[in-house]
Amino acid sequence: MDKKSIAVSEAAGAVVIYCAAVFLHFVYPLSNGSALSILFGAVNESIWEHMKIFSAAYIGWSLLQLIWLKVHFRQYVAAKCIGLYVLMGLVIGSYYAYVAFTDRNIVWIDIVSSLLAVIAVQMMTYRLETGENKLKDYFAPALMLLMLYYLMFFSFTIFPPKTELFRDPVSGGFGIMGAIERNAEKKGLFS
């Protein structure tokens with residue numbers, strides 16, 4: 001595939017990934033807690049759950065691109081793996097950077113910084129996919145890192161470590177159990 005088509009696809013991807021992540025942010029309550037929404041949607045307001053929705057959207061778009069673009073498979077997978085980890089680093093880094101200065105969460109900064117992170121990663125992966133680098137030589141480690149990420153991705157919603165990254169700032173709970181407890185309290189089940 002020519003570079004222009006890949007560039008257009010990556011630019012369109014920035015919009016699609018961001019919009020899909022916004023949808024995934026609300027899919028858990030909208031679906032009444034369906035199993036798929038637990039795996040791919042945000043079950044609470046923790047940083048981890050926000051990383052999860054962006055990574056799910058990113059991987060979803062990457063799989064669609066892989067289907068219709070004629071790319072060098074090994075190069076593409078390695079580039080997208082790097083992009084996934086950079087995206088998660090940017091989401092975490094930007095959040096903690098501004099909270100260190102403001103001492104609070106500011107939604108509009110979250111929105112803008114997440115959008116900028118997605119755009120930056122799409123630009124970076126375009127360069128990695130189309131560049132003269134030898135990323136295809138790192139296909140096997142990239143595949144292993146993708147599997148590791150998705151093992152964490154699915155496990156930590158159900159069994160989150162009790163660290164700040166996984167704590168819901170709204171309820172103080174962790175993972176899906178914190179969300180279930182919060183919903184039960186709203187319905188008066190623990191009153």
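Modeller: The largest pocket has a volume of about 540 Å³. Please bear in mind throughout that this is a predicted model.

Colleague: Which residues lie nearest the centre of the largest pocket, and how many residues line it?

Modeller: The lining consists of 24 residues, and those nearest the centre are His-25, Glu-45, His-50, Asn-105 and Asp-110. Two or more lining residues come from each of α1 (3-30), α3 (47-68), α4 (73-102) and α5 (107-130).

Colleague: What is the make-up of that lining by class?

Modeller: The lining of the largest pocket has 13 nonpolar residues, together with seven polar and four charged ones.

Colleague: How many helices and how many strands are there in the protein?

Modeller: The protein has seven helices and zero strands.

Colleague: Why is Asn-32 called exposed?

Modeller: The term exposed requires a relative accessible area over 50%. Asn-32 has a relative accessibility of 71%, and therefore counts as exposed. Asn-32 is located in the loop between α1 and α2 (35-40).

Colleague: What makes the phi of Asn-32 worth a remark?

Modeller: Most residues other than glycine have a negative phi. Asn-32 is not a glycine, yet its phi is positive, at about 55°.

Colleague: Where is Asp-103 found, and what is its phi?

Modeller: Asp-103 belongs to the loop between α4 and α5. Its phi is near 65°, again a positive value in a residue other than glycine.

Colleague: How do you know whether Asp-103 is buried or exposed?

Modeller: Buried would mean a relative accessible area under 20%, and exposed means over 50%. The value for Asp-103 is 70%, so Asp-103 is exposed.

Colleague: How much of the protein is buried?

Modeller: Of the 191 residues, 44% are buried, that is, under 20% relative accessible area. The accessible surface comes to about 10600 Å², and carbon and sulfur atoms account for 72% of that surface.

Colleague: Why does the radius of gyration agree with a compact globule?

Modeller: For 191 residues, the value for a compact globule would be near 16 Å; the protein has 18 Å, which agrees. The C-alpha trace spans about 60 × 35 × 25 Å along its principal axes.

Colleague: What share of the contacts between residues at least 6 apart in sequence joins residues at least 24 apart?

Modeller: That share is 71%, where a contact means heavy atoms within 4.5 Å.

Definitions and conventions
Residues numbered from 1 in each chain as written. Predicted model: local features only at pLDDT ≥ 70, side-chain atom pairs only at ≥ 80, totals over all residues. Heavy atoms only, no water. 1 Å grid on protein atoms, 1.4 Å probe; cavity = no way out; pocket = protein on both sides within 12 Å on 5 of 7 lines; lining within 4 Å. Points joined across faces, edges and corners; volume = space filled by probe spheres on them. Helix = DSSP H or I, 4+ residues; strand = E, 2+ residues; numbered from the N terminus. Nonpolar A, V, L, I, M, F, W, Y, C, P; charged D, E, K, R; others polar. Rg over C-alpha atoms; globule rule 2.2 N^0.38 Å. Buried < 20%, exposed > 50% of the residue type's maximum accessible area, 1.4 Å probe, protein only. Areas by Shrake-Rupley, 256 points an atom, 1.4 Å probe, with all protein chains shown as cover.
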